[in-house]
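Thanks for coming. Please keep the structure open while I talk.

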Amino acid sequence: QLRAQNQVLKKGVVDEQANSASLKEQLKMKDQSLRKLQQEMDSLTFRNQQLAKRVELLQDELALSEARGKKNKKSVESSSQLSQEQKSVFNEDLQKKIEENERLHILFFEADEQHKRLEAELRSRLEVLETDAAQHQAVVDSLTKKYTETIEKLQNDKAKLEIKSQTLEREAKDCRLRTEECQQQLKNLQAALGSRLEESLCIINEKVPFNDTRSTQYNALNVPLHNRRNQLKLRDLAGQAMAFVQELVTALLNFHTYTEQKVQIFPIDSATDIISPLNQKFSQYLHENASYVRPLEEGMLHLFESITEDTVTVLETTVKLKAFSEHLASYLGFLRKILPYQLKSLEEECESSLCTAALRARNMELHRDMKRLTAVFEKLHTYVSLLALPSTRPGGLLRTNCNFVFTNIAASLHGFHDILKDISKHYSQKAALEQEVPTATQKLITTNDCILSSVAALTNGAGKMASFFSNNLDHFTTSLSYGPKGGAEFISPLSAECMLQYKKKAAAYVKSLKKPCADSVPYEEALANRRVLLSSTESREGLAQQVQQSLGKIAKLEQEKEHWMLEAQLAKIKLEKENQKLKNSLSGHLTETIQEHSVLPNIAEQNKETTEKSLREPIKSTSLVRNLTLRVPIRVKNCSATDVESHEDLIKTHYMARIAELTSHLQLADSKSVHFHAECRALAKRLSLAEKSKESLTEELKLASQNITRLQASKLFCNDELMTTKRSYEDQLSMMSDHLCSMNETLTKQREEIDTLKMNSK
């Protein structure tokens, strides 16, 4: 408190000192202005005296001029006009001086009045300030007394402050060392960050076309790290769950079966009497329990088989969980279907004459327990169907609600166990009461024992399942949620399926890498072999077409050969006939020979027409044959039979040689045309392949240009990101430097406080 009062009084004294200093400065300014006004007054008085002397001189000159005027009137009359002008000038000047003197007197009077007024004000203010100063001096004296008392107290605190100052000095030294270490670490961090930034820039520029971790859709397609231990753990847990489900299934089957037997025995035995229609319908429904209970075991078995070491087991990939939830829904429908019959059966049992009050109370307790059991199964089905939603619909369950669902499943299993314990207790009491009924048979007692054993098995299985699920709840919540970091929702099932496919491909690729690579053909050699293969296949096709064409031509030629063989036989027969006729008559021989010779050119012409048809090109007859055919009848007139036969042989040999020559030319032309056709086809094929390769290369060029532009854009984007990261690092460094500066400032302030404390202590 004294320190605070001391500071307040110090501030008041400083303010009063500042006010007194400002008043002193104002007083100095007023003195200076007063001195200036006095100087102006002195100057004005001096000027007034000068003007008065001037006026006196002018009056003396006027008097002298008047005296001289009396004496020298004549001279004055001659210069009267000049003197009048001078008088007028002097009068005007005098008038101006008088007006100026009056104005100066007025100003002097006003300044004097203002000076007196200011002097009075300043004196009054000075008196007020003196009184204030006296009051402040009294306050200061009282404060000095208080300060002396506080100084005595502060001297007692001097030792403590010295100890504190020593500790602060030590802390200051430690802070200096820390600042030096921080500066050194900052330099090292700057160097390390710079090197890492360069490395990351190089890696991004070389290997990262785009950052797919920013988008949740792309990030969901990335294959996560394979956690073999986690997969084995999940498979082990799934195996334990399957064993527990099998126990529950067997217990449920026994419970429903023995309940069916109990309905047919008590309160009315179906062997001796007819049971009610309600119990008949109830037993009929209970008889169908296996078709609803067995699928639970099968669904759990399929779920266990789907969890392998190679897969990624998360809620998005456990597709078999949907089938298990469907089987659970069908069993829940079965429970809902038999629940009203079971409740009515218990009510009917209560209305029978054999039912006592205690037995009726036990039946009503079982009535409530059966309702609770169905409600627990409804809860379990709801939560299991919620867990199956991520594998079918991505927006059905939020990631934040996954832990809530698992905890509710554990709570529902514990509730299921508690309900089964209550059912077991109530059934045991009911069985004990039913044994006391006089009409109780051994069959009823054994059936009750079987029901109690099945309920006990159900209770044990439910307890094991509840403890198993609650013990492994943390593992379920941490391992069964897969997705991008920071995501609030599950990924879509399609992306999860794509991720599993990518994982299989990656595993197959890694396995293929372990295999030794076979000897491969060089790329250039493979291209050359491909071209040869394409040309060879083309040549094969061309040769096959040539073979087909040649086979067709051979068949046509064989037909023509048979035709010409027949023609030759007919010609021989005709020739023999004609020879006989020639022997009979010589005159007829010449005419016949001319006809025969005329037939031969016709045959040759027919042969030529057939060859022209085969070649589809017109061939002209040579001049030699034409001369022979023209000259034959002229020579025959003067020749004998031997000459005619020699002529025939000559013509025949000539035509045969000509036909052979033409056929050889035709075959050569056919072979050349086929060869050229094959070459043309091969060239056309190569041209089409070249065009296709050109189109593919242009498309590849377009894709490459698009990739180049995309890579350039990604490079710019990465550069922007790097600039932002660099700026963030620079901001962090600046913040660290600011922190160091603030630490230095605090150290300096502490030093100043220490110095002030030392001064105060002194």
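**Helices that pack side by side**

In helix H8, the residues Tyr 292, Val 293, Pro 295, Leu 296, Gly 299, Met 300, His 302, Leu 303 and Ser 306 meet a set from H9, namely Lys 320, Leu 321, Phe 324, His 327, Leu 328, Ser 330, Tyr 331, Phe 334 and Lys 337. Contact here means heavy atoms within 4.5 Å. By class, this contact of H8 with H9 has eleven nonpolar, five polar and two charged residues. The classes are simple: Ala, Val, Leu, Ile, Met, Phe, Trp, Tyr, Cys and Pro count as nonpolar, Asp, Glu, Lys and Arg as charged, and the others, Gly among them, as polar.

Before I go further, a word on the source. This is a predicted model, in which local features need pLDDT of at least 70 and side-chain atom pairs count only at pLDDT 80 or more, while totals for chains, interfaces and linings use all residues. Residues are numbered from 1 along each chain as its sequence is written, and side-chain values use heavy atoms, with hydrogens and water left out.

Helices and strands are DSSP runs numbered from the N terminus, where a helix is H or I with at least four residues and a strand is E with at least two. By that count the protein has 18 helices and zero strands.

Two packed helices are described by the angle between their axes and the distance between the axes. What are these values for H8 and H9? Their axes come within 8 Å and cross at roughly 165°, with H9 covering residues 320–351. The axes are lines fitted to C-alpha atoms, for helices over the stretch in contact, and angles run from 0 to 180 degrees between N-to-C directions. H8 and H9 are therefore roughly antiparallel to each other. The cut-offs are these: under 35 degrees is roughly parallel, over 145 roughly antiparallel, 65 to 115 roughly perpendicular, and the rest oblique. The crossing of H8 and H9 is left-handed, which means that the near helix is turned anticlockwise from the far one by less than a right angle; clockwise would be right-handed.

Now take H6 (residues 228–265) and H7 (residues 277–287), whose axes cross at roughly 160° and come within 9 Å. H6 and H7 are therefore roughly antiparallel too, and their crossing is left-handed. On the H6 side the contact is made by His 256, Thr 259, Glu 260, Val 263 and Gln 264, and on the H7 side by Asn 279, Phe 282, Ser 283, Leu 286 and His 287. These residues divide into three nonpolar, six polar and one charged.

**Charged pairs**

Side chains of opposite charge can pair when their charged atoms come close. A salt bridge is a side-chain nitrogen of Lys or Arg within 4 Å of a carboxyl oxygen of Asp or Glu. How many are there in the whole structure? A search finds 15.

One of them joins Glu 297 to Arg 294, with the closest N and O atoms 3.7 Å apart. Both lie in H8 (residues 290–306), three residues apart, about one turn of the helix. Buried means under 20% relative accessible area, exposed over 50%, and partly exposed in between, using a 1.4 Å probe and protein chains only.

Lys 421 and Asp 418 form another salt bridge, at 3.8 Å between the closest N and O atoms. These two are three residues apart in H11 (residues 402–435), about one helical turn. Lys 421 is partly exposed at 41%, and Asp 418 is partly exposed at 36%.

In H18 (residues 641–761), Arg 658 and Glu 661 are also three residues apart, and their side chains meet in a salt bridge at 3.4 Å, N to O. Arg 658 is partly exposed at 24%, as is Glu 661 at 37%. Elsewhere, salt bridges that share partners join Lys 262, Glu 349, Lys 430 and Glu 434 into one network.

Last, Thr 447 in H12 (residues 442–471). Thr 447 is buried, with a relative accessible area of 4%. Leaving aside neighbours within four places in sequence, Thr 447 is in contact with Tyr 258, Gln 261, Lys 262 and Ile 265. Across the protein, 25% of the 762 residues count as buried.
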